[in-house]
Amino acid sequence: MNHLDFDVEPAEYSRPADAWPQSTPSPKPPKEIPPLRNQSSSPGAAQALVSLVMLGVLLLATRFLVPTLVEEIRYAWHRGELRAEYESSGEGLRNVSMNSLAQAYQMVTQRVGPSVVHIDVERDLTEQERELAVAIRRGSGMELPGDQGSGVIVDDQGFVLTNYHVIEGGSDIHVGLSDGRRVSAEVVGMDALTDIAILKIEANGLLPVRWGDSDKSEVGTPVWAVGSPFGLDRTVTFGILSGKHRATKAGTRYQDFMQSDVAVNPGNSGGPLINSAGELIGINTAIVGETYRGVSFSIPSNVAKQVYERLRSSGYVNRGWLGVALDEVPESRRHGDDPLIRGALVRGLANGSSPARNAGILPDDIIIAFNSQPVRDMGALMRMVGDTTGGSTVSMEIYRGDSTRLVDVEIGMRPDDLKR
């Protein structure tokens, strides 16, 4: 076998690779791969879906975040007000002179002192009648029947304002003035439901107190009481107005007491409660227990003034009458968002013709407004009706079933058997 024959290869195999002719073919562009697409959707639909999702997230955030944010803003605003008051009061206290404050207290006393009177009462009561009166009133907060009390001059013509229970049953009444004079007094009129009475004295040179607005008197403001506790005439005590719209066992539904911590004791009844301007804002009437325990009650001046004007003009109070039996509204039937405005529930109607029956009011109605004024509770409605002159026409809003309606009612005059 020829050896060389095995060493010789065809030309196409034996030629080195780099000996091949080089040729550069033109590159072909890469083939584009079309993007995958959902044939059922479009760019507009996708954007709409994203918008809906964002809107849902926004609504959800609003639902939970906005109330919290609003409450935080409200608290921040209130805290800002408190801080402003705190800083301004601190600055004011640094400028207060205690001597000036004491002088202001003295001026209030000097302003009202000449208007306050001491009342002595003689009663023709048998021992049995006196014991009965003591038994009825003991523990009620109202003074026990005594022989003296207080009053305040409200007109320079000699009209004196006091409590009904101070002169009740009195056969002979005398008034002691601040200048030492002692004069007899005549009863002009009495109203047992508000515990107000008016006396008339004949004297010249009288200095009447100035009427104040009890509705504008704020809780926490300083007040003074002047009267004759235990017969110590023109005694002055000081405190603050502790509360308003109070009811006591000594009161009736026609009374709306103011509460203070002014020291008031037996003998103070009928005397004035005075504000820092030296104005009459209340008539001291009742205490808790038989002696002062830190709580005393007075008839607001706005109530006393209204009764005084009626008694002075006619000798009695023409008190309105609706002719319904009322009750407090239970929580399950309370209407409206304000828990302090409950209205009054009509439990029944007076027999025969009555203003409520004639106006179409039915048992189980809830009276929620009287002449556009919200009715806070049963007592408030009774006072509103009682303060209305008989024969007047008023508008009342009632809640019946699940709807409200307005009715016009001609208020009647309170029957004689209900005047006490």
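Strand E3 is joined to strand E6 (residues 196–201) by 5 bridges, and the two run antiparallel, with Leu161 having Ile198 as its bridge partner in E6. The structure is a predicted model, in which local features need pLDDT of at least 70 and side-chain atom pairs count only at pLDDT 80 or more, whereas totals for chains, interfaces and linings use all residues. Residues are numbered from 1 along each chain as its sequence is written, and side-chain values use heavy atoms, with hydrogens and water left out. Strands (E, at least two residues) and helices (H or I, at least four) are DSSP runs numbered from the N terminus, and two strands are taken to pair if DSSP finds at least two bridges between them.

Strand E3, which spans residues 159–163, is mostly covered, as 5 of its 5 residues are buried, where buried denotes under 20% relative accessible area, exposed over 50%, and partly exposed the range in between (1.4 Å probe, protein chains only). E3 also pairs with strand E2 (residues 148–155), in the antiparallel sense and over 3 bridges; within this pairing Ile153 stands opposite Val160 in E3. The hairpin of E2 and E3 has 3 residues between the strands, and Gly158 takes a positive phi near 105 degrees there. E2 is in turn joined to E1 by 5 bridges, again with the strands running antiparallel, and the bridge partner of His118 in E2 is Ser150. Strand E1 (residues 116–123) is largely enclosed by the rest of the structure, because 6 of its 8 residues are buried. A further antiparallel pairing, over 6 bridges, links E1 to strand E4 (residues 170–176), in which Ile173 is the bridge partner of Val121.

Side chains of opposite charge can pair when their charged atoms come close. With a salt bridge defined as a side-chain nitrogen of Lys or Arg within 4 Å of a carboxyl oxygen of Asp or Glu, a search of the whole structure finds 13 salt bridges. One of them is formed by the side chains of Glu279 and Arg210, at 3.4 Å from N to O. Glu279 belongs to strand E12 (residues 279–287) and Arg210 to strand E7 (residues 210–211), so this pair ties together parts that are 69 residues apart in sequence. Glu279 counts as buried at 19% relative accessibility, whereas Arg210, with a relative accessible area of 42%, is partly exposed.

A salt bridge is also formed between Asp256 and Arg383, whose closest N and O atoms are 3.9 Å apart. This pair links distant parts of the chain, 127 residues apart, with Asp256 in the loop between strand E9 (235–246) and strand E10 (257–260) and Arg383 in helix H9 (residues 378–386). Asp256 is buried, with a relative accessible area of 14%, and Arg383 likewise counts as buried at 14% relative accessibility.

In the salt bridge between Asp364 and Arg333, the closest N and O atoms are 2.8 Å apart. Asp364 lies in the loop between helix H8 (355–359) and strand E17 (366–370), and Arg333 in the loop between strand E15 (324–328) and strand E16 (344–349), so that distant parts of the chain, 31 residues apart, are linked by the pair. Asp364 counts as partly exposed at 42% relative accessibility, as does Arg333 at 26%.

The C-alpha atoms of Lys244 and Ser298 are 9.6 Å apart in space, while the two residues are 54 apart in sequence.

The structure holds 2 cavities of 30 Å³ or more, a cavity being a set of points, on a 1 Å grid over the protein atoms alone, where a 1.4 Å probe fits but cannot get out, with lining residues having an atom within 4 Å of a point. The second largest cavity has a volume of about 40 Å³, and its lining includes Thr194, Val317, Arg319, Gly386 and Asp387. Helix H7 (residues 301–314) gives the most to this lining, with 3 residues.

Leu52 is found in helix H3 (residues 43–94) and counts as exposed at 58% relative accessibility.

Definitions and conventions
1 Å grid on protein atoms, 1.4 Å probe; cavity = no way out; pocket = protein on both sides within 12 Å on 5 of 7 lines; lining within 4 Å. Points joined across faces, edges and corners; volume = space filled by probe spheres on them.
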